[in-house]
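Please keep the sequence and the structure in view while reading.

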Amino acid sequence: MPRETKPRRSGGRRRAQSDAAKPVRATDYVNLRHPFQPQTVFSDDEIINIHNTALRVVEELGIKILLPEAREIFREAGARVVDEMVFVGRDIVTAALQAAPASIRLRAADPKRELRYEDGAMLFMAGAGCPNVTDLNRGRRPGDLEAYVESLKLCQTYDVIHMLGPCIEPQDVPVQFRHYEMMRGQLTHCDKPMFVYSRGTEQVNDSFDMIRMALNLSDDDFTNGVWATTNINSNSPRMLDVPMAQGLIDFARAGQMSIITPFCLAGAMAPITVAGALTLQHAEALAGITLTQLSREGAPISYGGFSSNVDMKSGSPAFGTPEHVKLQIGAGQLARHIGLPWRSATGAASNTADMQAGNETNMALWGGAMANATLNVHAAGWLEGGLSFGYEKFINDVEALQTMAELCVKPVGNDAEIGFDALAEVDPGGHFFATQHTMDRYQSAFYAPLVSDLTNFGAWTDAGAKTSTQRATDIWTKNLAEFKDPEHGALAASKIAAFIDTRKQQGGAFPQE
């Protein structure tokens, strides 16, 4: 027999009145700060031991540096150079760490998009460097300029994507002209902090010139903060090739930020243990950081790490594994030990936007959160270990990022939020749908999912029984159909058009080898 409860009004009229009076829930995902304390996997003594061993690696084992100019910079600073091997004393490294800034201003075409790159900040970049692209409508295909521009528009659409990256490689554009179209795309369709590939001094300088022209920046404006970042991957174990070393020098001298990121896969290009892989990662990062500070003292630089393990059966990289997470947390400890902001990464080895892909990415996302990473790269859209950028994967990953961003909003525990009157109003076994406490808050109380479907089975079936991947297709197609360039876009494009045409007529700039 059902229990009797006090009669209640349905609340429909009250809800309608509240709907008219209350604003729709607003979000701010631009300036996020880590909501939780960083976790640890090593003791303080163990971190000191890893750091000191990394110093021994740089000093006693050395780093192979293929760029003669970089070797000469080290030599002039007092390092021992034997052929292509550079042995850097710990006093030189320590001085470089003291010179590197702990907080970096990231500039943007829209000042509202400016960021502080520092310990405690929580920033996300979409999947980057993918030669292929995939979506349910068009299938898997080589990356081209159309897809590259579409990826920029998707990144611009969502505030939780903070920094631009080269999501898709536009392979239909010749390599000597590619950087012109990549910069044109960023400056036309986006207003967030930008990315420039380190593929040689000439390409880098072209890109910097386009930023200055498009945004009407003086030389002082350009060096007042960072307008462009680049990613520098060392060749593990213990080697820095020509374009990467040149990139560190070029960006440092221009006052722009390099993110030095060893890619140490435990069991393959690094020792099989977490501590061993971290030691190699740290040593390579220290060498790169030192080169930037020797090139220009105080140059903006980010510590970075993208270490994980390999599948010992196939040799393929693995992501979101327990070892990946431990390496992230350990890297965070090392970054805080040397006092620098740092970059981590999520990732997915899965070949499609399935449960495996989501699990791999989300586990690594939580690893970055527990490690208090300043920046998590490959946070949306990355598939096949970076061989493909997936549109549906991007949308589903944005859902996870927005959920993480919501955790940055601290709940309040005052009397009004506790709502004793609401607790008193509802009888045992009743509900809170129609209480004034609920009516005053329901429009803004909860995160509204982007792609998740919270309806029951019947409603879901009636709507077409779509998976989250299929629903994501509807979302990204709508995003692109409704996209509008930022206000400055057309003017910025017009300012660099003649420069691009002239440089193309001159033959462009080939990547440095």
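On a 1 Å grid over the protein atoms alone, a cavity is a set of points where a 1.4 Å probe fits but cannot get out, while a pocket is an open set with protein on both sides within 12 Å along at least five of seven lines; lining residues have an atom within 4 Å of a point. Grid points are joined across faces, edges and corners, and a volume is the space filled by probe spheres set on the points.

The model is predicted: local features need pLDDT of at least 70, side-chain atom pairs count only at pLDDT 80 or more, and totals for chains, interfaces and linings use all residues. Residues are numbered from 1 along each chain as its sequence is written, and side-chain values use heavy atoms, with hydrogens and water left out.

**Cavities and pockets**

There are three cavities of 30 Å³ or more.

| Space | Volume |
|---|---|
| Largest pocket | about 780 Å³ |
| Second largest pocket | about 580 Å³ |
| Largest cavity | about 150 Å³ |
| Second largest cavity | about 50 Å³ |

Helices (H or I, at least four residues) and strands (E, at least two) are DSSP runs, numbered from the N terminus. The largest cavity is lined by 17 residues, and His 179, Met 182, Val 196, Tyr 197 and Gln 203 are the closest to its centre. Helix H6 (175-189) gives the most to this lining, with six residues.

The second largest pocket has 26 lining residues, with Ala 128, Gly 129, Tyr 197, Asn 231 and Asn 233 nearest its centre. Strand S10 contributes the most to the lining of this pocket, namely three residues.

For residue classes, Ala, Val, Leu, Ile, Met, Phe, Trp, Tyr, Cys and Pro count as nonpolar, Asp, Glu, Lys and Arg as charged, and the others, Gly among them, as polar. The lining of the largest pocket has 15 nonpolar, four polar and six charged residues. In the second largest cavity, the lining divides into five nonpolar, six polar and no charged residues.

**Helix H11 and Gln 328**

Which element supplies the largest share of the lining of the second largest cavity? That share, four residues, comes from H11. The lining includes His 324, Leu 327, Gln 328 and Ala 331.

Helix H11 covers residues 322-338, with Gln 328 among them. From its first C-alpha to its last, H11 reaches 25 Å, close to the 24 Å expected for its 17 residues at 1.5 Å a residue; the expected span is 1.5 Å times one less than the number of residues. Of these 17 residues, 12 are buried, where buried means under 20% relative accessible area, exposed over 50%, and partly exposed in between (1.4 Å probe, protein chains only). Gln 328 counts as buried because its relative accessibility is 2%. Contact means heavy atoms within 4.5 Å. Not counting residues up to four places away in sequence, Gln 328 touches several residues, including Trp 342, Ser 344 and Ala 345. Trp 342, Ser 344 and Ala 345 also line the second largest cavity. After H11 comes Gly 339, with a positive phi near 80°.

**The nonpolar core**

A nonpolar core is a set of buried Ala, Val, Leu, Ile, Met, Phe, Trp, Tyr and Cys residues joined through side-chain atoms within 4.5 Å. The largest such core has 82 residues, of which Ile 211 and Phe 394 touch the most other members. Helix H13 gives the most to this core, with eight residues.
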